[in-house]
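Good morning, and thank you for coming.

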Amino acid sequence: GRDLMPVVQEFAASWKSGLEMLNTSVGNYFASKDYSREVLKQMLTQFLLYYTRFQDIVKRYSDARVQGRLVSTQEIMGEMKKYSRGP
């Protein structure tokens, strides 16, 4: 199997700034606050679904050392709440 540690480490280092950039971009592209809030909500939901799948892959194909570096779903959800009101 491939070593997933570099991917896990890169995600852990950049996910918060990625969410911030997503929030800013959605706010810039959509003039309507209600529409931008809904778009952001859908994007964040999809992001969380993909991350959950990624966690499953890491847990299946790597050891405890790599698994221990995963960002928890709870931490991601907590950060997502900051953006729940939209850009």
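Let us begin with Y51, which is buried, since its relative accessible area of 4% falls under the 20% limit for that class. Please bear in mind that this is a predicted model.

What is the partner of Y51 in a tilted aromatic pair? The partner is F54: the two ring centres lie 6.0 Å apart, with 45 degrees between the planes. F54 also counts as buried, at 18% relative accessibility. Both residues belong to helix α2, which covers residues 33–61, and they are 3 residues apart, about one turn of the helix.

Ring pairs join Y51 and F54 with F11, W15 and F47 in a cluster. The count for the model comes to 5 aromatic pairs.

One of these pairs is formed by F30 and Y35. Here the arrangement is edge-to-face, with 5.1 Å from centre to centre and 70 degrees between the planes. Are these two residues buried or partly exposed? F30 is partly exposed, at 27% relative accessibility, and Y35 is likewise partly exposed, with a relative accessible area of 49%.

S62 is buried because its relative accessible area, 17%, is under 20%. A polar atom of the S62 side chain lies 2.5 Å from the backbone oxygen of V58. Leaving aside residues up to four places away in sequence, S62 touches L4 and Q67.

Thank you for your attention.

Definitions and conventions: Residues numbered from 1 in each chain as written. Predicted model: local features only at pLDDT ≥ 70, side-chain atom pairs only at ≥ 80, totals over all residues. Heavy atoms only, no water. Phe/Tyr/Trp six-rings, centres within 6.5 Å; stacked < 30°, edge-to-face > 60°. Buried < 20%, exposed > 50% of the residue type's maximum accessible area, 1.4 Å probe, protein only. Helix = DSSP H or I, 4+ residues; strand = E, 2+ residues; numbered from the N terminus. Polar contact = N/O pair within 3.5 Å; in protein donor to acceptor, adjacent residues only side chain to side chain. Contact = heavy atoms within 4.5 Å.
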